[in-house]
Amino acid sequence: MGLVSFLSTLPILLPNAQLPSSRCPIRFGTINCKIDDVGSNDIDGVRRRDMLKCFGAAISLELVASPSHFVEVANAADLIQRRQRSDFQSSIKSTLFTSIKTKPELVSPLLTLALNDAVTYDKATKSGGPNGSIRFSAEISRPENQGLSAALSLIEEAKKEIDSYSKGGPISYSDLIQLAAQSAVKSTFLASAIRKCGGNEEKGNLLYSAYGSSGQWGLFDRQFGRSDAQEPDPEGRVPDWTKASVQEMKDKFTAIGFGPRQLAVMSAFLGPDQLATEAKLATDPDVTKWVEKYQRSRETVSQTDYEVDLITTLTKMSCLGQTINYEAYSYPVPRVDFTKLKL
């Protein structure tokens, strides 16, 4: 969003404009203070009130006529915060990449963990959502979360490492669970590219770099600064995906603002066997065309339709009902004491 200056609303600051008052007229950055009616409160023939007015006019002109300095300072501070958050997020992704690479069997549980943390969102009460509440024992032990404890353990171990190098405070569980899902999704995209290259990892990486969807993650990455819930979310909001009917899945997705298309593209989040899940979804006429669309897409070199739609859906899901703090994880930059520098 571009910066909007308020200068256009102040015609007195435009070229050749003059103040209506004759006491301290300002022309082209010059202050001319006219002193009159010297009275009993004079200081060397100048009233204190006039001195203060002229001094105030001088300061005001400097502040308003040269706003760019303050805009530059604000922009610089904003850029510093963005860089801090970006660097921190890059380190988090590196930690998660390593953790997931050593335990690839947890890719599917990590996806379901993120889904189940998010779909507790209730539109009517504006409660729940991806708030990290699934970390509580009372929630992770529910039937719909069976088999996700190992994924949560990976999150907890990664959090210890991440918190040890964070300069802007501990990472929230809500952020970390969604970032872990992102890393898990990327690992499936990369694995697909490697398979298409006959198992050659180097060629698979090159294929994914050339045709993959890495550039589509921008909005997801900006939604960084969720707050953790302080108690478990209410029970009964998350289906057991392995036992739910397709209609029950559709109803749940509808309740959080999604439809058959998003249900189909999130098939990898709904159980350990994506193809088996898709076979089940394909029995529903509303979902089957989307299942077929994404299966065809995954057979292409770039699998663009599948990857882009999955990223878009995950991005929306990952911030349901959440207020993002865009200053989270930033920290003060130490000031340089120039008096101690040896020149």
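Analyst: Thr315 is found in helix α13, a helix being a DSSP run of H or I with at least four residues, numbered from the N terminus. The model is predicted, so local features need pLDDT of at least 70 and side-chain atom pairs count only at pLDDT 80 or more, whereas totals for chains, interfaces and linings use all residues. Residues are numbered from 1 along each chain as its sequence is written, and side-chain values use heavy atoms, with hydrogens and water left out.

Thr315 counts as buried because its relative accessibility is 7%; buried means under 20% relative accessible area, exposed over 50% and partly exposed in between (1.4 Å probe, protein chains only). Its side chain reaches the backbone oxygen of Ile311 at 2.7 Å. Apart from neighbours within four places in sequence, Thr315 is in contact (heavy atoms within 4.5 Å) with Leu219 and Phe220.

Helix α13 (304-317) also receives packing from α7, whose buried residues pack against α6 (173-196) as well. In α7 (residues 201-211), those buried residues are Gly204, Leu207 and Tyr208. Viewed down the axis of α7, they fall within an arc of 95 degrees, so they line one face of the helix; the arc is that of the directions from the helix axis to the C-beta atoms. The other side of α7 has Glu202, Lys203, Leu206, Ser209 and Ala210 exposed. At the start of α7, a side-chain oxygen of Asn200 comes to within 3.1 Å of the backbone nitrogen of Glu202.

Conventions:
Helices (H or I, at least four residues) and strands (E, at least two) are DSSP runs, numbered from the N terminus. A polar contact is a pair of N or O atoms within 3.5 Å; within protein, one must be able to donate a hydrogen and the other to accept it, and residues adjacent in sequence count only if both atoms are side-chain atoms.
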